[in-house]
Amino acid sequence: MTMTNFFLGLSLAISFLALLCFYRVVFGPGAWNRIVAVNVFGTKTTVVLLLMAFIYARVDMFVDISLVYALLNFIGTVAIAKFFEKKGEV
Amino acid sequence: MLSQIVNIITIGLSLVGLFFLFSGTVGLLRFPDFYCRMHGTGKCDTLGSLMIITSLALYEAYHGSILLALKILLISVFIFLANPTATHAIAKAAFVCGLKPWKKEDYR
């Protein structure tokens, strides 16, 4: 039971949790629930990306990718929130 | 001996982080209203991913280079700052849009 197997199991578990969040993305009653679900999805993807860094032992490459993904996820969420605030669509 | 300790700390911290991520997901699915869902996921997700990322930083600090561990810690600090801010932005936008919070007797 090397650490790589543990990281693999952990990333599979987090991906399964992200799949559960996908239910809220599809069936979320309104636009707002979908925004929250996508935000949760993005945070989980950042963690899975970092775990992949350790599975493939290419840490320097994947760390940059997950950092950029965290930044983009944050900017996307704030942009959508600002857009819906102006448009006033519930 | 030291590598065993680092591995044990990494596994333990990651599993606790996984538990918090799981509770955030349950909160997202089970809570009745938009604000309750955001309340649950905003905190649990941040803490869960924070724990997992810091444990990976510790693992990297021991097995790889310290600089990369610092970069991984930078990600965790950024998520620690960015996630609550994003949650606040959504909440403010939803409230301005006139989304009323859920009350007990409302439709589930």
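**Before starting.** This is a predicted model, in which local features need pLDDT of at least 70, side-chain atom pairs count only at pLDDT 80 or more, and totals for chains, interfaces and linings use all residues. Residues are numbered from 1 along each chain as its sequence is written, chains are lettered from A and ligands numbered from 1 in the order in which they are written, and side-chain values use heavy atoms, with hydrogens and water left out.

**Stop 1: H1 and H2 of chain A.** Select residues 3–27 of chain A, which form helix H1(A); helices are DSSP runs of H or I with at least four residues, numbered from the N terminus. The axes of H1(A) and H2(A) come within 9 Å and cross at roughly 165°; axes are lines fitted to C-alpha atoms over the stretch in contact, and angles run from 0 to 180 degrees between N-to-C directions. The two helices are therefore roughly antiparallel, a term for angles over 145 degrees. The residues of this contact divide into 20 nonpolar, 4 polar and 3 charged. Here Ala, Val, Leu, Ile, Met, Phe, Trp, Tyr, Cys and Pro count as nonpolar, Asp, Glu, Lys and Arg as charged, and the others, Gly among them, as polar.

**Stop 2: H3 of chain A.** Keep H2(A) and select residues 59–87 of chain A, helix H3(A). H2(A) and H3(A) pack at about 175°, with their axes 8 Å apart, and are therefore roughly antiparallel. Their contact has 17 nonpolar, 8 polar and no charged residues.

**Stop 3: the whole interface.** Finally, show both chains. Chain A gives 43 residues to the contact and chain B gives 42. About 3,800 Å² is buried between them, 81% of it from carbon and sulfur atoms; buried area is the accessible area (1.4 Å probe) that two parts lose on being put together, summed over both. In chain A, A:Met3, A:Arg24 and A:Trp32 lose the most area to chain B, together 15% of what that side buries. There are 3 salt bridges between the chains, each a side-chain nitrogen of Lys or Arg within 4 Å of a carboxyl oxygen of Asp or Glu. Select A:Lys44 again, with B:Asp45: their side chains meet in a salt bridge (3.2 Å, N to O).

How values were computed: Contact means heavy atoms within 4.5 Å. Angles under 35 degrees count as roughly parallel, over 145 as roughly antiparallel, 65 to 115 as roughly perpendicular and the rest as oblique.
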